[in-house]
Amino acid sequence: MSKGSISEHILKTIQQSTNDKVISDFIIELIYEEANHIEHWRFKSSYNTLIEKYSELWSQKK
Amino acid sequence: MIIEKIIFENYRQYKNVEIPLSSKKLNLFIGKMGVGKTNLLNAINWCLYYNEPYLSRKEEDIQLPIMNLKTIADAEKGEIKDVKVEIWVKINGEQPLIFTRKASFIIAGENNHPTPYRSPEFKVRSTDDRGNTEIYEGEDAEHYVERFVPTGIKEFFFFDGERLDKYFKESTRENIRHSIFQISQTSLLNSISENLNKIKQDFRKEAGKRSPNIDCIRTQLETIEKNQLDAKRRIDECKRQIKIANDNIQEYEEKLSGVPKVDDIKSKITELEIKLNDKELIYESKITEKRDLLYENGIILLNYPAIEKVIQIIAEKRKKGEIPPTGDLKLLQKILDDYTCSICGSKFSSGSSQEKSVKKLMDGIDLSSEIGHELMRIESPLTIYQNIAKKFNENIRKISQDIESYKKDLDEITKNIGDLKSKIIGFNDEKISNWAKQKKSFEDVRDRNNQNLGVQEENLKTLKKDYERLNEELADELKRESKLKTIKKKIDFIETTVNVAESIKNKIMEQIRKKISEETKKKFFELHWKKESFNEVCIDEDYDISITNSMGFPCLGSISGGEREILALSFTMSLHRISGFDAPILIDRPLTMVSGESIDYVCEAFLNIAKEKQLILFLTPNEYKGISQILNSKTCHMFELKMTKDEKELVVIEV
């Protein structure tokens, strides 16, 4: 289990903890971002791209 | 996962050494103090994490160079020399992963001091099944370290014996919470929440630029968020202090439960000693008073029977009418002798009736008038003496009674003091008194923090209410501005995500806690030699580890050093199992805090642990002496560490 490898357990718990698939997918993507980012990573740009994508999906579903 | 071998080049005492380790047996290193056992732990840390956390104070104080002293002595000025540590790690029987850290130094200056020449390099070599070798450097190489033993939990793999003993004595809750946090990867979820909140603030700022009202609410919200964080931090700190205080109070209570209340007893003794002293003074004064009385009245007392007799005689004489005297015998005798009456001068003859009358008168007088007068004279002082003697009896009886009563009191007080002293005899009263003082000081800390906690929690409640109110106001404002619809949508989305992430984090932490608790209990009962002495080991919802004895009482503070070590190892092994990190455990001087019969049992436990994971121990020859029956070349892979004569190089001998 390294920064690069996310435990199955955490992924399963995320999926099981919410009925909102958009939110769980979003969190899983963020988990991978957090685990795999390279040095000098600027989180805001990655996060904003994902927020743009998932908030749109989220509002459509609502 | 095992360490197959470690290769050293010019690292401290290890000039050119290769140590092959056993995967099946317990690996045991025996070497005198200062020979370099701990530096083996340092070498592993230096190679993997580029630090040496176990340097001795001496090494730190005099700043010994990391390079071997013989290498420095043999080097030419200007020569470049490397320090290298290589760790070969085998995972599931695959080709070994080789971690190498190398630092180059130039030998310069008057003392041939090694000065860093270029930045240390860290590489990981991996060979696949087909024999293709890949070399990783920088962050990629560090990823491999994280796969072996992650930085965050390395302290659960590399121990010194003293720390292992203290593990559950200091900030237990923090340690356990930290470990669970690390192994559950919930730190990733934490980062997500933190980063999302930062972005949420950016969105609010953006909205604020378009509406002064929103900007005003945003500023207030940010202030409240900051204050909430501060309040939470203070609450956590109060709780932490209360926990530490409670742990210590419990520990001191356990220590004090089997011993007398020395301070109370001592103060009672002091009180009694003061009383004893006062009574002794009075007792002494009464003795003196009695002695003086006896001295003053001694003659009277000695003559008391005579006095009484004389008074009695006088009384009798008086009764008979002899006192006062009725006639003077001397005078009558003179009349008879002279045949002349001394009063009237008439003469008479022998045989005359006058002579007969005088003789008759003389027969009737027993007492001379002199004696009669004398008796009368002494009667009054004798009566005084008689009264004094009578009073003396009263006084002496009273004083004697007082003396007796004081003596009784003194005997009773002396006995009580003796009884109290016997209660604390054989106990280290200074130590016990110190425990009681420590307990009291922790009670003060707990009370102070409880008060502060109440204040902070009330403060946080108010802040939360204000936050909710302002957040609603912000939502209303955002709704009103149609151009801010997108921003509002993103803020709502972020807030929902953060709430979900927080609840997932708590859920995972809770699951891991439960698993570790069960596994720790299982392992502890597997390894402990007196299973029947305990009935529960548990990590509760507040991350407190507790252990209860067979009577149902908590006993974490009073278990022996050996038992604490077994508990810490059980916890460590459960962490390894739950986290999936099957790395070896290395313990420097594992028996430092273990004594008595526990030593043998702890050694047996080591052999049991070594059956399921690689265990590497470092001992001094003295420590080893007592356990050679259990840990020997049959049960262990043994190494002897010796210094060369010049004390600059270490030799590792396989036994």
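**Before selecting.** Residues count from 1 along each chain as its sequence is written, while chains are lettered from A and ligands numbered from 1 in the order in which they are written. Because the model is predicted, local features need pLDDT of at least 70 and side-chain atom pairs count only at pLDDT 80 or more, whereas totals for chains, interfaces and linings use all residues.

**Colour by confidence.** The model has an ipTM of 0.94 and a pTM of 0.62. Within chain B, strand β1 (residues 2-11) has the highest confidence, at 94, and helix α2 (residues 57-61) the lowest, at a mean of 61. Helices (H or I, at least four residues) and strands (E, at least two) are DSSP runs numbered from the N terminus. Where pLDDT is low, the predicted coordinates should not be read in detail.

**Select the interface.** Here 29 residues of chain A are in contact with 25 residues of chain B; contact requires C-beta atoms, placed from the backbone, within 7 Å. On the chain A side, the elements giving two or more residues are α1 (8-17), α2 (21-36) and α3 (43-61). Of these, α3(A) gives the most, with 9 residues. The chain A side comprises 16 nonpolar, 9 polar and 4 charged residues. Ala, Val, Leu, Ile, Met, Phe, Trp, Tyr, Cys and Pro count as nonpolar, Asp, Glu, Lys and Arg as charged, and the others, Gly among them, as polar.

B:N10, in strand β1 of chain B, has a phi near 60° and is not a glycine. B:N10 is buried (20 or more other C-beta atoms within 10 Å; exposed means 12 or fewer, partly exposed in between; C-beta atoms are placed from the backbone), with 25 such atoms. B:Y339, also not a glycine, has a positive phi of about 50°. B:Y339 lies in the loop between α11 (329-338) and α12 (353-364) of chain B and is partly exposed, with 15 other C-beta atoms within 10 Å.

Conventions
pLDDT is the predictor's confidence in each residue, from 0 to 100. Two residues are in contact if their C-beta atoms, placed from the backbone, lie within 7 Å.
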